[in-house]
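Please read it with the model in view.

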Amino acid sequence: MEAETEVPRPTRSERRPRDMALSLVVLLVPVLVVVLIYRVVQGGDQPVEVDTASVIAQARAAGEFPVSDMAGLDDEWLPISAAFQQGDGGRTLRIGYVTPDDGGVQLIQSSVPVERLLPAELSEGGAPEGSAEVDGETWQRYSARKGESALVLLQPDRTVIVVGHADEDELRELAAAV
């Protein structure tokens with residue numbers, strides 16, 4: 001019988017950087033495959049569309065203010081959030097959209113007094129910047145949080161705000177749909 005020869009194991013100091021790189025590749029390949037499947041096959045980067053009908057119906061049923069139908073927006077406007085809440089002195093309906101140019105815009109309809117609503121929604125530094133005519137109604141243009149613009153429609157029984165990271169044409173398009 002031949003004697004088995006034992007192969008000495010390399011010590012830590014004998015391991016090369018190449019060995020570590022190969023170990024990382026073995027670990028990263030499955031992670032990359034999972035990420036690719038999530039993003040490409042399952043559309044993981046796409047925003048999730050929500051149904052706004054029940055929230056709009058809830059706001060209408062409350063009768064706090066007239067709730068506008070959203071008319072005239074094409075399928076490229078993707079509603080991604082909807083909420084109807086009791087707030088500081090009134091109620092507020094919020095619907096968030098991803099615009100056709102991938103901007104983020106929020107439509108706010110509220111009975112909260114304007115002196116409380118505007119600072120809360122636009123920021124304390126939100127200031128009027130003139131007016132804009134949208135479908136025969138005069139909306140006020142406001143600055144908002146950093147990088148955001150807003151259009152505000154002041155009515156006796158509600159305030160409508162269209163605010164977000166989008167160009168003024170998209171803000172006007174959403175305002176026109178109110």
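The side chain of Glu-170 has a polar atom 3.1 Å from the backbone nitrogen of Asp-101. A polar contact here is a pair of N or O atoms within 3.5 Å; within protein, one must be able to donate a hydrogen and the other to accept it, and residues adjacent in sequence count only if both atoms are side-chain atoms.

This is a predicted model: local features need pLDDT of at least 70, side-chain atom pairs count only at pLDDT 80 or more, and totals for chains, interfaces and linings use all residues. Residues are numbered from 1 along each chain as its sequence is written, and side-chain values use heavy atoms, without hydrogens or water.

Glu-170 sits in helix α4, residues 168-177. Helices (H or I, at least four residues) and strands (E, at least two) are DSSP runs, numbered from the N terminus. Glu-170 is buried (under 20% relative accessible area, 1.4 Å probe, protein chains only). Yet Glu-170 has no salt bridge (a side-chain nitrogen of Lys or Arg within 4 Å of a carboxyl oxygen of Asp or Glu). Arg-172, the nearest side chain of opposite charge, is 12 Å away. Setting aside residues up to four places away in sequence, Glu-170 touches Trp-77, Thr-99, Pro-100 and Asp-101 (heavy atoms within 4.5 Å).

Now the strands. Two strands pair if DSSP finds at least two bridges between them.

| Antiparallel pair | Bridges |
|---|---|
| β4 (residues 128-134) and β5 (residues 137-143) | 5 bridges |
| β5 and β6 (residues 149-154) | 4 bridges |

Pro-128 stands opposite Tyr-142 in β5. Gln-140 faces Val-152 in β6. The β4 and β5 hairpin has 2 residues between its strands, and Asp-135 takes a positive phi near 50°. The β5 and β6 hairpin has 5 residues between its strands, with Gly-147 in the turn at a positive phi of about 80°.

Note on methods
Buried means under 20% relative accessible area, exposed over 50%, partly exposed in between (1.4 Å probe, protein chains only). Lys and Arg count as positive and Asp and Glu as negative; His and the chain ends are not counted.
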